[in-house]
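Reader: Please go through this model with me. I want the grounds for each label, not the label alone.

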Amino acid sequence: MNSLNFITLNYMNSLIIEKTSTLSGDKTSGSNHAVALMCLEDPGLLSEISNGLCDKNKKVIADCAEVMTMVAEKNPALVVNFADQLIPLLKNKFTRARWEAVHALALIAGLIPDHIMSVLPEIADLIEKDESVIVRDYSTTMIANFGGAGKMYAEAAYPCLINVLKQWGDRHANRALDGLLNVIRYLPGLKKDILAIASEFTESKKGVNRKSAMKLIKEISKNIS
């Protein structure tokens, strides 16, 4: 690499946060998507994006969390090292920052089960009380994916997922039912109980819930004793 290219590359890297939507003046998520693509090509850029997760500007925080989400959708492993910066955003008062952080964490939850375990009460609280449907959706998915990381995590996820179904019924059911599919792989003794729960959603008004319920029933019925 010649000196000019090296200088140009360093210049681009140093301004990566300024290319996000808010700081670039873009009112869409297009700029964040472009930044995410740059980070996928050069994961080292994520360190600077992670600094933006504690910016004073709430919109910059949300943009950087969205970039993390977009990267995690393509390559979750790249975002694992930034879990400690994302987790505090579960309490962020800005709804968009909160839901992007929850979304990113949901995508990597199976890779960071101990992190999720440490804040499980906070996540359950979000599901119970957060006014944002998106936050509750991805919080449920986070627990669902966490429950697929091993027996200990499945045991912790199970009561949380049951509470989602009891409190919200059809609202987040497909995500909770998908989580129960993870749970039975480690806790086969719960198959009959989960079968009864899944059966309640086979007549749901929502097609996604019926689909998840039938998928769960089919899996349980393969070898239920």
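Reader: How confident is the predictor in the chain, in terms of pLDDT?

Author: This is a predicted model. The average pLDDT of the chain is 92, and 92% of the residues score at least 70. Residues 1-13 have a pLDDT below 50. That stretch has seven contacts in the model beyond near neighbours in sequence. Where pLDDT is low, the predicted coordinates should not be read in detail.

Reader: What secondary structure does the chain contain, helices or strands?

Author: The chain has 14 helices and zero strands. Its pattern along the sequence is accordingly written α-α-α-α-α-α-α-α-α-α-α-α-α-α.

Reader: What are the spans of the C-alpha trace along its principal axes, and how much of the chain counts as buried?

Author: The C-alpha trace spans about 70 × 35 × 30 Å. Of the 225 residues, 47% count as buried. Among contacts between residues at least 6 apart in sequence, 65% join residues at least 24 apart.

Reader: Why is α5 called roughly parallel to α7?

Author: The axes of α5 (residues 58-74) and α7 (residues 95-108) cross at roughly 20°. Angles under 35 degrees count as roughly parallel, so α5 is roughly parallel to α7. The two axes come within 8 Å, and α5 passes α7 in a left-handed crossing.

Reader: Which residues make the contact of α5 with α7?

Author: From α5 the contact takes K58, K59, I61, A62, D63, A65, E66, M68, T69, A72 and E73. From α7 it takes R96, A97, E100, A101, H103, A104, L107 and I108. By class, these residues divide into 10 nonpolar, two polar and seven charged.

Reader: How do you know that A106 is buried?

Author: Its relative accessible area is 1%. Buried means under 20%, so A106 is buried.

Reader: Where is A106 found, and what is A106 in contact with?

Author: A106 is found in helix α7. Leaving aside neighbours within four places in sequence, A106 is in contact with Y138, T141, M142 and N145. A106 and M68 are 38 residues apart in sequence, and their C-alpha atoms are 11 Å apart in space.

Reader: What makes T140 buried or exposed?

Author: T140 has a relative accessible area of 0%. The cut-off for buried is under 20%, so T140 is buried. T140 has its place in helix α10 (residues 133-146). Not counting residues up to four places away in sequence, T140 touches I127, L161, V164, H172, R175 and A176.

Reader: Why are α11 and α13 described as roughly parallel to each other?

Author: The axes of α11 (residues 151-168) and α13 (residues 191-199) cross at roughly 20°. The limit for roughly parallel is under 35 degrees, and the two helices are therefore roughly parallel to each other. Their axes come within 12 Å. The crossing in which α11 passes α13 is left-handed.

Technical notes:
Residues numbered from 1 in each chain as written. Predicted model: local features only at pLDDT ≥ 70, side-chain atom pairs only at ≥ 80, totals over all residues. Heavy atoms only, no water. pLDDT = per-residue confidence, 0-100. Contact = heavy atoms within 4.5 Å. Axes fitted to C-alpha atoms, helices over the stretch in contact; angles between N-to-C directions. Helix = DSSP H or I, 4+ residues; strand = E, 2+ residues; numbered from the N terminus. Parallel < 35°, antiparallel > 145°, perpendicular 65-115°, else oblique. Left-handed = near helix turned anticlockwise from the far one by under 90°. Nonpolar A, V, L, I, M, F, W, Y, C, P; charged D, E, K, R; others polar. Buried < 20%, exposed > 50% of the residue type's maximum accessible area, 1.4 Å probe, protein only.
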